[in-house]
Amino acid sequence: PADLPAEKAPLPSTSEITAPPVKGSVRAAVHQHIGKREDQQDSYVCTDPAVYGARGVLAAVADGMGGLSNGDKVSQKIVYTMLGFSNTLRQGQMDGVLPQMVKGTADVVNRMLGSDGLYKSGSTLMAVLVRGDRFHWIAVGDSHIYLFRDGQLIQLNQEHNRGQDLLRRAIAGELTFDEVRADPKKSGLTSFIGMGELKYVEKSLQSIPLQAGDRIVLMTDGVFNALSDAEIAT
């Protein structure tokens, strides 16, 4: 709906949140640029490692769907809701946390939109929870989560779009790969916050160990559609 309230002022394009450079510490930084669009559809939250380190550092990015109305307001609602959930975390709580956060966030957005607003506004969501030397991740939509280790960029999640569904059908022999490549709607999302019940939610099944020097990168399609993996790694 057009009268959804805005929930925050415009974010700076770049900011950095750092923890003391001691063994086992986590550093965090964010960068956001509006590009050629008139409105910023992306929203993010990254909790301060110096404050949240014991409970778990949460990073979440929501990419409002530009093809639908009020994607910016939905993405803002998502990150504020995720932040609210992170404030209730108990020290040491980690396993199963992100799926509960995403389900709760989807419910909040669905109620905000109402039954008439579902599929008319929406956003992707990806999130990582880091505690100590381990992390969990979760993703809905077509944004990417990477682990950058030893100079290698490793994508952890798959995109939830029509193209991936068609690709699975092609592998099963139901379509040709040329038909998949030629499909004009292959980039359309098949799962996103704001659609009601989520079709796909992809997540880590167990916590992933981190090594010194690892980087976890949450990235919207505005970056990886413009840069190659080699450029991103550099």
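## Confidence

pLDDT is the predictor's confidence in each residue, from 0 to 100. The protein chain averages 83, and 85% of its residues score at least 70. Over residues 1-12 the pLDDT is below 50, yet this stretch has 22 contacts (heavy atoms within 4.5 Å) in the model beyond near neighbours in sequence. Residues 18-22 also stay under 50. For them the model has eleven contacts beyond four places in sequence.

This is a predicted model, in which local features need pLDDT of at least 70, side-chain atom pairs count only at pLDDT 80 or more, and totals for chains, interfaces and linings use all residues. Residues are numbered from 1 along each chain as its sequence is written, and side-chain values use heavy atoms, with hydrogens and water left out.

## Helix α3

Helices (H or I, at least four residues) and strands (E, at least two) are DSSP runs, numbered from the N terminus.

Just after α3, G114 takes a positive phi of about 80 degrees.

## H160

H160 sits in the loop between β8 (152-155) and α4 (162-171). H160 counts as buried because its relative accessibility is 7%. Leaving aside residues up to four places away in sequence, H160 touches A139, V140, G141, D142, G188, L189, T190, S191, Y200, V201 and E202.

Key:
Buried means under 20% relative accessible area, exposed over 50%, partly exposed in between (1.4 Å probe, protein chains only).
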